[in-house]
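Visitor: I have a structure open and would like to learn how to read it. Could you walk me through it?

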Amino acid sequence: MTSPSTDRSTRAPVVSGALALLLGAVLVAVSVGYNRGSLVPPLDDVYIHLQYARQFGDGEPLRYQPGAEITTGASSLLWMVLLGAAHAVGLDGRWLLAVAVVGGVVGVTCAAGFTSAAATRLGGRAAGWWAGLLTALCGTLLWGGASGMEVGLLAALATGTLLSYLRERPRFRATPVVAALLALTRPEGFLLAAAFTAAMAWTLLRPAPGPAARAGRPWGRLALVAVPVVVFAGQLLLYRVLTGTSQANGVLAKSWLHTGFLRQPLEIADHVQRNVAAILASLSGLSGQDVLAPLALVLAVLGVAVLAARRERVLAVVLGGGLASVVLAVATLTTAMWQDLRYLQPFLPLLLLLVVLGAGLVGNRAARTGLLAVVLLFTLAATPAWALRLGQQASAMREGPVSVAQWIAGNVPPGDSVAVNDVGAAAWFGGHRTVDMVGLTTNGMAAPSLNGPGTLYEALRALPGPERPQWFAVFDRWGGVPVADLGRAGLLGAEPVITFGLAGPARPISASAPQTCQLDRSCDRVSIWRADWSAADSAQAPGLPVPGRIVDHLNVGDMADEAAHGWTTDPPVLGVQPDSVLDRAGVAPGRLVADSGRHVVGGETFTLGGTVPGRPVTLTGRIGAGPALPGERTRVVAVDVDGRPAGEWTLPDAQPWAQASFTVPGELVTGDRITVTTRPVAPLLAPYPDYRSYGWWASR
């Protein structure tokens, strides 16, 4: 590769941008042709942005539907605002979708041109041509742009920030503004913007030689370069003020940092490490996902070394550290590998630029050209498959979520609400209020859904009567929240009203989807159910009379009630999560009870009130436990009250549950509240108590 250049006469950026625009249009045309002339996005998330944009254009920003609460389900604030502006000037329906798709393709076009121009400045004309062509031909990036998501916008701003930085240093004017827009597009964009902010600040604060060193610190320009950090902090503050949390709903619903109950830090680190390994394999071309050519990541790392060797150490740290932080941030998501690495697609142009610079370490020009030609050949071979993939995924959207939404629009009575786990198309086409059980567009649903069907049921049950959904549109089986298990409480009724199944080839929602989805197509089926809330409040009272007067009740599985009673578990083996369960049983002739609970291994701790010092208390539990194997004591627990032993208790053998009582002696009751702990009789030694806890009553 030749030396760095400031020559702007090369046509590589223009040619690269034109090629990206042409290929983006081809991908869109293939998708439209695959769907008989209809423009359909490949992801339901596109409709989420469109719905938020429609509301923004109608003067209700951050409200997913008219009059709804403020939510932060739009993963890209800037993209939502831009689409909202398009709606405000009269573009709606398929025209607004067209704006999203065209905007994404134009974003990729700009990214290709910016990458080529930046590579020219860093590596010469040849580098500009290679980087521009590789970006324009990158099928993964083209798919992202044509999807209608914010991929194109984020790619353009990431590469635009780099190019602006190279053109303006050491005096930055436009770069902080472009980086601020980058920070507002996605959280991952902020990480790169923050790296450039640090680089600009370092450049301004670094002592200059000669008379310039006595000119003082450029505090005004320092304030300008801090704009990206300030605007991102302002976004978080806005979310905090409006919703009570600075975390966007997408992070709450998809991050390993927020999943499950009692998740251990090392468990989270293990999941993140696995995602990092999978991402690096994909970026190295070793995973079979056709993201980049084989060993591309190795060349990219060498590209960082080339920058450092050419006295571009600050830029080497910015690109190397910024991209590494992006990979790490994405790896914290449970959906890191979903949707064809959508979260990483916008940063591929920067990686491809580094690939070209890394190839420059090959001293022989012919060998260097041959190496890059091989990379280009792999890119060309994979690009057509991305066009087919876009069309097939759009077809799956048309058959599934869009068809379901159209049925909802024509068959659900006006005023009824629908609970869904794919909320985009259902709201965009359906015309009814939606309850998002994943928690993207309905506040407070993310944590319950991540804890299991029991906690999800309780969160739905806690909704005010008029806000409870009258209909459910859910996958029969899904790689995420097991929403179909709500049927275990009778909430979904006896039979679905209608079931939608894909006629096309089976396409699991992710590489991590259960194998059963690939075998029986259950992940490709969506059923619509009429809700049955008749048993909604049946779990509050015990099924059979309890001794004395009830003074307190803990509803295990209801996260709010668990927090109020200090409920927790102490599993003897770290990593055993107390997943919530949901069951229904007859407790008396003609009376059915639906109740949530937790699968407890080891024991649990909770606090009940209403006690009187010196007076016995009866604990009555709704317990489910299977029969013990010969010699096992998995149904025997030791009971402690306020840290003092109260005896041993053999739990009932019942499916799904039975009611059993234990009397706490009066001498152990020393206040108006008691803290009860169930635990193994032999601490840390198997077999452990293994049962399902549904609820506890205290009576005296």
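Visitor: In what order do the five strands of the open sheet run, and is the pairing parallel or antiparallel?

Guide: First, the ground rules. This is a predicted model, with local features needing pLDDT of at least 70 and side-chain atom pairs counting only at pLDDT 80 or more, while totals for chains, interfaces and linings use all residues. Residues are numbered from 1 along each chain as its sequence is written, and side-chain values use heavy atoms, leaving out hydrogens and water.

Guide: Now the general idea: strands of a sheet pair through backbone hydrogen bonds, either parallel or antiparallel. Strands here are DSSP runs (E, at least two residues), as are helices (H or I, at least four), numbered from the N terminus; two strands pair if DSSP finds at least two bridges between them. In this sheet the order is 7-10-15-12-13, with antiparallel pairing. Strand 7 (568-569) and strand 13 (644-650) are the edges, each pairing on one side only.

Visitor: How many bridges join strand 10 to strand 15?

Guide: Five, between residues 604-609 and residues 673-679. For a landmark, find T605, which sits opposite T677 of strand 15.

Visitor: Next, the cores. Which residues touch the most other members of the largest nonpolar core?

Guide: In soluble globular proteins, nonpolar side chains tend to be buried together. A nonpolar core is a set of buried Ala, Val, Leu, Ile, Met, Phe, Trp, Tyr and Cys residues joined through side-chain atoms within 4.5 Å, where buried means under 20% relative accessible area (1.4 Å probe, protein chains only). The largest one has 116 residues, and Y47, L50, I279 and L315 touch the most other members. Helix 4 gives this core its largest share, 12 residues. A second, separate core of 29 residues includes Y239, V420, A473 and F500.

Visitor: Is helix 6 mostly covered or mostly open?

Guide: Mostly covered: eight of its eight residues, 139-146, are buried. Contact means heavy atoms within 4.5 Å, and the cover includes helix 1 (12-34), helix 4 (94-123) and helix 17, among others.

Visitor: Last one: which helix gives the most to the lining of the largest cavity?

Guide: Helix 17, with three residues. A cavity is a set of points on a 1 Å grid over the protein atoms alone where a 1.4 Å probe fits but cannot get out, and lining residues have an atom within 4 Å of a point. The largest is about 100 Å³, a volume being the space filled by probe spheres set on the points, which are joined across faces, edges and corners. Its lining includes G400, V420 and F475.

Key:
On a 1 Å grid over the protein atoms alone, a cavity is a set of points where a 1.4 Å probe fits but cannot get out, and a pocket is an open set with protein on both sides within 12 Å along at least five of seven lines; lining residues have an atom within 4 Å of a point. Buried means under 20% relative accessible area, exposed over 50%, partly exposed in between (1.4 Å probe, protein chains only).
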